[in-house]
Amino acid sequence: LKAEMGNKQGTDYDSMAKEHAITPEQCEALVTAFREKNKKSKAINLEKFKTVVANVNKQYPNEAFSEPAAELCFSYFDVDHSETVDLDEFIAGITILSSGTVEQKAKLAFQAIDRNNDGFLTRREVEEFVDRTVHMAKVLARAELADTGAGRLTRLKKRVKNTAGAHDVRAEMVKEIFECDSNGDGKIALSEWLQAASTGRSGVREFLNPGGLLHESARDFEH
């Protein structure tokens, strides 16, 4: 019956599930969530992506792709940097962040930062990615404390508007990431990135969980 359903809808859930190392039921749920908001085209933009991820997170709660982290996750899932996410990228991203190995998660993060897909991370690419992360962290920090006491909220607003503070967070993140530039050539190769991720050195491990990264960065603006 399941095979007939897949064939009827033009989707072979068994094959797709095997490719992504998930169950056919999980695969069908992800495909349904994706297509519910995208009936005409093969890929979705950021706004549709946020809605789809929110729906998936209700079924399979995971901090890695929680609602506040949706925009950051979009960067991880958009492997070809087309500003859209297709079905394969979507399923692969959800699967890797949910239950992938450290190496799989590290490769996904590396691809998100490597904007020109040349296999190396330049300081500019890292700084641009960190800038986006810091900006999202500041927005999250505001949102999380929006209902707190007036005094604490006032202190928070002063903190998140402090560009020097944001610069400090940004500079520290970039510095930690470049600790894995083992040969000192000013750029990070995939092999160096994977080595740092596997050993837990530098700030690379933080980038394996977009939701965790965002929440951790937001705490820097809450004091």
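The legends below walk through several close-up views of this predicted model.

**A note on the model.** This is a predicted model, in which local features need pLDDT of at least 70 and side-chain atom pairs count only at pLDDT 80 or more, while totals for chains, interfaces and linings use all residues. Residues are numbered from 1 along each chain as its sequence is written, and side-chain values use heavy atoms, with hydrogens and water left out.

**View 1. The whole chain, before zooming in.** The protein has 12 helices and 4 strands; both are DSSP runs numbered from the N terminus, helices being H or I with at least four residues and strands E with at least two. Of its 223 residues, 44% are buried. Here buried means under 20% relative accessible area, exposed means over 50%, and partly exposed lies in between (1.4 Å probe, protein chains only). Among contacts between residues at least 6 apart in sequence, 62% join residues at least 24 apart, a contact being heavy atoms within 4.5 Å.

View 2. Among the buried residues of H6 are Leu 87, Phe 90, Ile 91, Ile 94 and Leu 97. An α-helix has 3.6 residues a turn, so residues three or four places apart point the same way. Look also at the start of H6, where a side-chain oxygen of Asp 86 comes to within 3.2 Å of the backbone nitrogen of Asp 88. Such a polar contact is a pair of N or O atoms within 3.5 Å; within protein, one must be able to donate a hydrogen and the other to accept it, and residues adjacent in sequence count only if both atoms are side-chain atoms.

View 3. The structure holds 9 aromatic pairs. The rings of Phe 110 and Trp 193 are edge-to-face, because their centres are 6.0 Å apart and their planes meet at 70°. This pair links distant parts of the chain, with Phe 110 in helix H7 (residues 102-113) and Trp 193 in helix H11 (residues 190-199), 83 residues apart. Both Phe 110 and Trp 193 are buried. Rings of Phe, Tyr and Trp (its six-membered ring) pair if their centres lie within 6.5 Å, and planes under 30 degrees apart count as stacked, over 60 as edge-to-face and the rest as tilted. Elsewhere, Phe 34, Phe 49, Phe 74, Phe 77 and Phe 90 form one aromatic cluster. Two rings carry a charge: the charged end of Arg 123 sits over Phe 178, 4.1 Å from the ring centre, and that of Lys 187 sits over Phe 120, 4.4 Å from the ring centre. To count, NZ of Lys or CZ of Arg must be within 6 Å of the ring centre and within 35 degrees of the ring normal.

**View 4. The largest nonpolar core.** This core has 59 residues, and those touching the most other members are Phe 49, Tyr 76, Phe 77, Phe 90, Ile 91, Trp 193 and Phe 207. Its largest share, 7 residues, comes from helix H8 (residues 123-144). A nonpolar core is a set of buried Ala, Val, Leu, Ile, Met, Phe, Trp, Tyr and Cys residues joined through side-chain atoms within 4.5 Å. Beyond its neighbours within four places in sequence, Phe 207 contacts residues including Tyr 76, Ile 113, Phe 129 and Trp 193.

View 5. Ile 113 lies in helix H7 and is buried, with a relative accessible area of 2%. Its partners beyond four places in sequence include Leu 121, Phe 129, Trp 193 and Phe 207. His 81, in the loop between helix H5 (70-77) and strand E2 (85-86), is buried at 12% relative accessible area. The side chain of His 81 reaches the backbone oxygen of Asp 114 at 3.0 Å.

**View 6. Two loop residues with positive phi.** Ala 21, in the loop between helix H2 (13-20) and helix H3 (24-36), has a positive phi of about 60° and is exposed at 66% relative accessibility. Asn 117, in the loop between H7 and strand E3 (120-122), has a phi near 55° and is partly exposed, with a relative accessible area of 47%.
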